[in-house]
Amino acid sequence: MTTAAPRDRTGSPTAPAIPRLVAATIGLLSVGAAVAVGHLVAGVVSPASSPFVAVGDEAIRLSPQPLVEFAKATFGTADKPVLLAGIAVVMVVVAAVAGLASRRSPRPGVVTVVVLGLLGLAAVAVAPAFAPLDVVAPAASIAVGVPVFRRLHTLALAAQTPVTPTPEGGVSRRRVLVGTSAVVGLGALAAGAGGIALGGGIESSRAQVAARLGALDVVRRAPAIPAGVDWAAELGTTPFVTSNRDFYRIDTALRIPAQEAADWSLRIHGMVERERTVRFDDLLARPMIEKTITMTCVSNEVGGSLISTATFVGVPLRELLAEVGVGRGAEQIFTTSNDGWTAGTPTDVVMEPDRDAMLAIAMNGEPLPAGHGFPVRMVVPGLYGFVSATKWITDMELTTFGARRSYWLRNGWAQEAPIKTESRIDLPRGFGAVAAGPVTVAGIAWSQPRGISKVEVRMDGGPWQAADLATEVSGATWRMWRTTFDLRPGSHTVQCRATDADGETQVEQRADPIPDGASGWPATIFTVS
Ligand SMILES: Nc1nc2c(c(=O)[nH]1)N[C@H]1C(S)=C(S)[C@@H](COP(=O)(O)O)O[C@H]1N2
Ligand SMILES: [Mo]
């Protein structure tokens, strides 16, 4: 590089300034390169971690509902491309303005690139399918955008101040600037195209599966959710069905497996009479069942949020295994995911006629979301996820408990884990304040697959009083409850305990989640004023 070009980083008015058009262009090129590289890296690491796409998804989530409805009505299925185009226009304006603001000092442009990158990082981090490696793509955006802008800025300034007054000096520097800009522009286009090609796979695979959901042979539909199953609209408490976005997520995946349906297969082997490999199309051709299931995690603390409900559609596992022929002594179904996680499920539970254990392909009317196991996961009502709910499932071995030890078993958790009878207080909020007079206490209770027969509530250690139970859907789902207390100002503590359909009451004894689930009566402290 040529030396001695006078540069003034303080941006004093006497310093040379980059012409407006050039300044805007280098802003655009740098932001474009940052976005494109982020998209490319996301295509390799995990498509949902593209900062551009994540910002789009977050914008949809934060949009007021009427705007979302308007976009759907106006643009139909093109609403998302239209939104992304809108975001692109905003970014073009921001990038050009940042360039124009950097005609002397590069600082405004550098700050803009970093701020946009951090926005992308934030959008990626709050996305439902976030996995730790997802930070790589937005980090790559910043790591490329900043030096590209600095470099172009230096060249553009230099082009204004030829060392010698001869026109050739200026022209040749201008050539370097134009050449470098062209390389950046073409590189950005190539990176963006590469990112689209790599990252489109899983979303287009989900779209293809979505288009086929209507044609499934669902031989048993889940009963319609009756009225009166929750008080979400009235009290703002937990809705009976959890949206896919809000469904709790637990896994060890550093990177969400990008498994496309067309490439998916499941090998069923071990202690079976006829080993078999099923592909996604084989599953779709089979009779399916639909069931509303409350899933919960063994790691859920008393009062915790690792519990959610969705309506799943899938292939009954019992029938598939009956065809394969389960050998005598095959105590566990040892399943492995695409990313090497394993679970061991008791075979006799899966083979119970009314258990409805399934290989699920749809959740709340959509193909499984990437973070919840697309294209196929296992779901067994009444068992904690760690012993049954393998996402991105690819292998199923019928074996003994002695022969194979699953992921969490090796880490000190229990071999068999039926779900404990538990409850949670959602209202009043912990440490919240409510007005004196009648105070509503409400929450959820669960004991899949048995069902809840009673919830009792007591205030400040007083007598237990029976709560009203919402309409029951099935033993495989949670049940909402509510009751009222007349309260005077001051600090209060409310407790609850559930009783299941077998008459067993939730255990008072406090226990940590490890090894087989937390226990204890939940308590909420709040103030009445
Ligand atoms: N592949 C894979 N499947 C998995 C896990 C995992 O870490 N990897 N975690 C399990 C646990 S502990 C639970 S509670 C459920 C959670 O499912 P969700 O994330 O869809 O709510 O998935 C189960 N399936
Ligand atoms: Mo879990």
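I began with E456 and R497, whose side chains meet in a salt bridge, 2.8 Å from N to O. E456 sits in strand β15 (residues 452-459) and R497 in strand β19 (residues 490-500), so this pair ties together parts that are 41 residues apart in sequence. I noted that the model is a predicted one.

I then checked how accessible the two side chains' residues are. E456 is buried, at a relative accessible area of 12%. R497 also counts as buried, with 17% relative accessibility. Both labels apply because buried means under 20%.

Next I looked up D281, which forms a salt bridge with R212; their closest N and O atoms are 2.9 Å apart. D281 belongs to helix α9 (residues 280-284) and R212 to helix α7, so the pair ties together parts that are 69 residues apart in sequence. D281 is partly exposed, its relative accessible area being 47%. R212 is partly exposed as well, at 37%.

I stayed with helix α7 for another pair. E203 forms a salt bridge with R206, with 3.8 Å between the closest N and O atoms. The two lie three residues apart in helix α7 (residues 167-213), which means they are separated by about one helical turn. E203 is partly exposed, with a relative accessible area of 47%, whereas R206 is buried at 13%.

Which residues are linked with E203 and R206 in a network of salt bridges? I found E366, which joins E203 and R206 in that network.

Last, I looked up the total for the structure, and the entry reads 20 salt bridges.

How values were computed:
Residues numbered from 1 in each chain as written. Chains lettered and ligands numbered in written order. Predicted model: local features only at pLDDT ≥ 70, side-chain atom pairs only at ≥ 80, totals over all residues. Heavy atoms only, no water. Salt bridge = Lys/Arg side-chain N within 4 Å of Asp/Glu carboxyl O. Helix = DSSP H or I, 4+ residues; strand = E, 2+ residues; numbered from the N terminus. Buried < 20%, exposed > 50% of the residue type's maximum accessible area, 1.4 Å probe, protein only.
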